[in-house]
Each structure stands twice: as C-alpha cells, then as structure tokens.
Amino acid sequence: MRINYIESQRSPLAIVARHAENASALGHAEYFAELIDEWAPEGHADERLYRLGSSVIDAFADGAATERLARYFEFWLLRLQGVYPRLSACPECGGAFDGGAMMPAREPLYVCLRCAVGGGTAISLDALRFLRSAAGASPESLNGIPLEAGPGQELETAHRRLIQLHLEKELKSARVLRQMR
Ligand SMILES: [Zn+2]
C-alpha cells in the first residue's frame with residue numbers, strides 16, 4: 001500500500017500553545033511521539049498501540065496534566081507489551097503490597113517490603129493506588145485520579161528503568177525532559 005497524501009487534524013504545536021508550561025508540554029509531545037515510534041515494530045501493525053497513542057494525544061490536547069499523562073502512557077505501553085510488573089501481589093511471597101513496594105536494583109518487578117532487601121526504587125502506596133486506578137481509566141478521566149509529585153517521581157524512575165531495559169537504551173526525549181527539570 002502506498003500513502004500519497006496526509007492531512008494533519010491536530011498539531012502538537014497547537015496543543016503546546018494551550019498549555020501553561022509550554023516548554024514542558026513541547027518536551028512531552030516529543031516524548032509521546034518517540035515512545036510510539038520506538039515501540040511500533042516495523043511491519044507489524046499494533047492497533048492497540050495506535051489507539052492508546054491517539055487517545056493520549058487527545059487528552060493532552062484537552063489539557064490533561066502532562067506528568068500524570070506521561071506516567072499513564074508508560075504504564076499502558078508496558079502493559080500492552082505484557083512486560084509491566086505484577087501489581088496484584090508480591091511475586092516472591094504472594095503477599096499483599098501493604099505499606100508499598102520496591103523495585104529491586106537489578107530486577108524489573110515489584111516486591112513487597114518484607115521481601116525487599118538491598119534497596120532499589122521505592123514505590124509508595126499512593127503510587128500503587130494511581131497505577132491500579134489507571135488500569136481501569138481512560139486518559140480523559142486522568143484529572144480525577146490524584147498523583148502527587150513524590151509518587152509521580154517514583155513511577156517516573158521505575159518506568160524509566162523498565163523502558164531502558166526493554167528498549168536497551170534511554171529515549172533522547174526522556175533525557176531532555178529530565179535535564180529541563
Ligand atoms: Zn514478598
């Protein structure tokens with residue numbers, strides 16, 4: 001199939017102009033695009049991936065909080081690939097994540113605090129609560145799901161580790177966003 005003509009319906013620049021924090025919004029628009037690009041396998045159409053991408057961009061255009069949307073997008077991308085760590089119970093002991101969870105330094109999973117030895121990336125109860133709500137929410141309803149700066153930072157770190165592990169590199173736009181902060 002050959003595509004000869006494409007007309008854009010929404011421009012990320014128009015979206016950015018409507019956001020209060022323009023530079024951060026522009027950085028995120030690029031980050032979302034790079035995530036889809038890196039995750040779309042050549043020659044294998046994954047309709048769910050594009051549907052996720054387009055609904056996230058729509059929510060972004062409607063003024064969804066950018067950081068929250070970014071954590072949601074990463075969470076769902078990794079879920080669609082079947083590589084998001086289990087949230088229902090600790091994979092080591094089968095126990096509940098009461099008090100929070102930990103992503104050990106060398107393993108892409110969440111363990112409970114009883115099984116966490118030797119440090120890693122801490123995940124608070126608030127961060128876990130966000131993930132559980134995000135699992136059943138659309139991007140448009142994100143503004144009703146709280147995510148404070150602290151838990152947001154925890155998820156950013158955990159997701160960055162997961163993405164780096166699976167793509168075997170850090171995304172350029174993710175690095176830029178970090179430097180901007
Ligand atoms: Zn455990």
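The exercises below, each with a worked solution, concern a predicted model.

Residues are numbered from 1 along each chain as its sequence is written. In this predicted model local features need pLDDT of at least 70, side-chain atom pairs count only at pLDDT 80 or more, totals for chains, interfaces and linings use all residues, and side-chain values use heavy atoms, with hydrogens and water left out.

**Exercise 1. The zinc site**

Find which atoms coordinate the zinc ion, and describe the geometry of the site.

Solution. 
- Step 1: Look for donors, meaning N, O and S atoms within 2.8 Å of the metal (3.2 Å for Na, K and Ca); water is not among the atoms, so sites may look incomplete.
- Step 2: The SG atoms of C90, C93, C112 and C115 coordinate the zinc ion, at 2.2 to 2.3 Å.
- Step 3: Check the angles among the four donor atoms, which are 105 to 116°. Four donors count as tetrahedral if all angles lie between 85 and 135 degrees, and the site of the zinc ion is tetrahedral.
- Step 4: Read the donors along the chain; their spacing is C-x2-C-x18-C-x2-C.
- Step 5: Helices (H or I, at least four residues) and strands (E, at least two) are DSSP runs, numbered from the N terminus.

**Exercise 2. The cavity**

Describe the largest cavity by volume and by lining.

Solution. 
- Step 1: On a 1 Å grid over the protein atoms alone, a cavity is a set of points where a 1.4 Å probe fits but cannot get out, and lining residues have an atom within 4 Å of a point. Grid points are joined across faces, edges and corners, and a volume is the space filled by probe spheres set on the points.
- Step 2: The whole structure holds one cavity of 30 Å³ or more, and the volume of the largest is about 160 Å³.
- Step 3: It is lined by 16 residues, of which Y31, R71, E74, E156 and A174 are the closest to its centre.
- Step 4: At least two lining residues come from each of helix 2 (22–39), helix 4, helix 6 (149–167) and helix 7 (172–180). Helix 6 gives the most, four residues.
- Step 5: The lining has five nonpolar, two polar and nine charged residues. Here Ala, Val, Leu, Ile, Met, Phe, Trp, Tyr, Cys and Pro count as nonpolar, Asp, Glu, Lys and Arg as charged, and the others, Gly among them, as polar.

**Exercise 3. E168**

Locate E168 and give its phi.

Solution. 
- Step 1: E168 is in the loop between helix 6 and helix 7.
- Step 2: Its phi is positive, about 60°, although E168 is not a glycine.
- Step 3: E168 is exposed because its relative accessible area is 72%.

Conventions:
Tetrahedral: all angles 85-135°; square planar, octahedral: opposite > 155°, others 65-115°. 1 Å grid on protein atoms, 1.4 Å probe; cavity = no way out; pocket = protein on both sides within 12 Å on 5 of 7 lines; lining within 4 Å. Buried < 20%, exposed > 50% of the residue type's maximum accessible area, 1.4 Å probe, protein only.
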